[in-house]
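Hi,

Here is the structure I promised to pass on to you.

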Amino acid sequence: MDFAVYLSALGITASQIVGIGPQNAFVIRQGIGRSHVLPIVAICIACDILLISAGVLGVGGWVAGHPALMRWVVWGGAAFIAWLGVKSLRAAFTPRALDAAGDVERGKRNAIRTILVVTLLNPYVWLDTVVLIGSVSSVYGAAAKLSFILGASTASCLWFLAIGVGAGRLAPWFESPRSWRVLDGVIAAVMFFTATMLVTQFGFGR
């Protein structure tokens with residue numbers, strides 16, 4: 001165990017995953033609504049560990065070398081993220097949004113399906129974990145791969161536990177319907193921005 005590599009991987013991964021994108025926005029919403037938080041957080045962590053491990057062990061280079069595959073992932077991910085944006089926007093401007101529960105997924109099956117799709121069909125997740133983190137890990141050499149994976153996985157665990165479980169503490173602030181409408185509007189803007197950036201940055205490449 002190389003502790004220096006472990007800490008470096010923790011910091012590098014934190015810099016990549018910290019930020020409000022479609023995946024994190026969904027986790028925060030479910031956390032505030034206190035609905036199926038632990039399964040959602042567990043899925044996010046498990047997916048990150050698998051993708052990070054794949055990237056560190058060499059899949060990152062393979063994915064980067066197949067732009068046609070990435071283009072299909074980009075367009076599919078952008079379409080799904082845009083649909084989530086429409087869903088949030090409707091929640092912000094319809095009477096249903098006045099429900100104090102906001103647009104939280106209450107059905108466990110729907111919640112799990114949504115977090116899986118918004119994670120695995122989100123090209124930014126693949127770029128951050130498999131391509132970027134996987135590429136950076138190569139600098140430390142083959143002997144440090146396990147230490148790098150452990151450090152990167154620790155960052156993922158801490159982040160998703162913080163935004164999932166920690167978001168529940170914000171629940172009293174969202175007893176007002178107005179707060180839910182503001183959150184829905186912000187999340188819709190994040191979704192539309194992400195979908196647009198995906199298409200403009202990655203969707204038109206050869």
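Below is what I found, going from the start of the chain onwards.

Please keep in mind that this is a predicted model.

Let's begin with the aromatic rings. The structure holds one aromatic pair. Its partners are phenylalanine 3 and tyrosine 6, whose ring centres are 5.8 Å apart and whose planes meet at 15 degrees; planes under 30 degrees apart count as stacked, so this pair is stacked. Both residues belong to helix α1 (residues 3–17), where they sit three residues apart, about one turn of the helix. In an α-helix there are 3.6 residues a turn, so residues three or four places apart point the same way. Phenylalanine 3 counts as exposed, with 53% relative accessibility, whereas tyrosine 6 counts as buried at 15%.

Next, take a look at the loop between α2 (22–33) and α3 (37–64), which is where you will find arginine 34. Arginine 34 has a positive phi, near 50 degrees, although it is not a glycine. Its relative accessibility is 58%, so it counts as exposed. Histidine 36 lies in the loop between α2 and α3 too, and its phi is also positive, near 55 degrees. With 24% relative accessibility, histidine 36 counts as partly exposed.

Finally, there is helix α5 (residues 108–120). Its 13 residues reach 18 Å from the first C-alpha to the last, close to the 18 Å expected at 1.5 Å a residue. Which residues of α5 are buried? They are Ala111, Thr114, Ile115, Val118 and Thr119. Looking down the axis of α5, you would see these buried residues fall within an arc of 120 degrees, so they line one face of the helix.

Enjoy exploring!

Best wishes

Technical notes
Residues are numbered from 1 along each chain as its sequence is written. This is a predicted model: local features need pLDDT of at least 70, side-chain atom pairs count only at pLDDT 80 or more; totals for chains, interfaces and linings use all residues. Side-chain values use heavy atoms; hydrogens and water are left out. Helices (H or I, at least four residues) and strands (E, at least two) are DSSP runs, numbered from the N terminus. Buried means under 20% relative accessible area, exposed over 50%, partly exposed in between (1.4 Å probe, protein chains only). The expected span of a helix is 1.5 Å times one less than its number of residues. The arc is that of the directions from the helix axis to the C-beta atoms. Rings of Phe, Tyr and Trp (its six-membered ring) pair if their centres lie within 6.5 Å; planes under 30 degrees apart count as stacked, over 60 as edge-to-face and the rest as tilted.
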